[in-house]
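Hi,

Here is the structure I promised to pass on. Have a look at it first, and my notes follow below.

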Amino acid sequence: MSEKVVSSELVEKKKEIIPRLAKKFLISEEKAKKFLKLAIEDCARSKYRLNIINDTISGQTDKIKEMIKEIEEWTDDEFDKEDFEIIGYCKNI
């Protein structure tokens, strides 16, 4: 069975960590929001082997649910400078 979720909706669920990410990485909140979206998509692609097309993450229902559960538990401590450099710099944040 297949399911879809929009990555920007997952960013909305975690919007409380955006100001802390901005402060932690010395970037604007808009850039922190972009970083969080990229981190979610990276997690979906690399860890859960899900497909991403135009902001939509799709794949097996159990993998989507597992990924959402993991993302809901994220805090700003989830990411360190290396994560920011790998995810952020590659996308020119």
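Is Glu 41 buried or exposed? This is a predicted model, and in it the relative accessibility of Glu 41 is 9%. Buried means under 20%, so Glu 41 counts as buried.

Glu 41 belongs to helix α3, so let me start with that helix. Helix α3 runs over residues 29-47, which makes 19 residues. From its first C-alpha to its last it reaches 26 Å, close to the 27 Å expected at 1.5 Å a residue. After the helix comes Arg 49, with a positive phi near 55°.

What does the side chain of Glu 41 pair with? A polar contact of 2.8 Å links it to the side chain of Lys 37. In an α-helix there are 3.6 residues a turn, so residues three or four places apart point the same way. Setting aside neighbours within four places in sequence, Glu 41 is in contact with Ser 7, Ile 52 and Asp 55.

That brings us to Ser 7, which sits in helix α1 (residues 7-13). Ser 7 is buried, and its relative accessible area is 0%. Again leaving out neighbours within four places in sequence, the contacts of Ser 7 are Lys 37, Ile 40, Glu 41, Asp 55 and Ile 57.

Best wishes

Terms used. Residues are numbered from 1 along each chain as its sequence is written. This is a predicted model: local features need pLDDT of at least 70, side-chain atom pairs count only at pLDDT 80 or more; totals for chains, interfaces and linings use all residues. Side-chain values use heavy atoms; hydrogens and water are left out. Helices (H or I, at least four residues) and strands (E, at least two) are DSSP runs, numbered from the N terminus. The expected span of a helix is 1.5 Å times one less than its number of residues. Buried means under 20% relative accessible area, exposed over 50%, partly exposed in between (1.4 Å probe, protein chains only). Contact means heavy atoms within 4.5 Å. A polar contact is a pair of N or O atoms within 3.5 Å; within protein, one must be able to donate a hydrogen and the other to accept it, and residues adjacent in sequence count only if both atoms are side-chain atoms.
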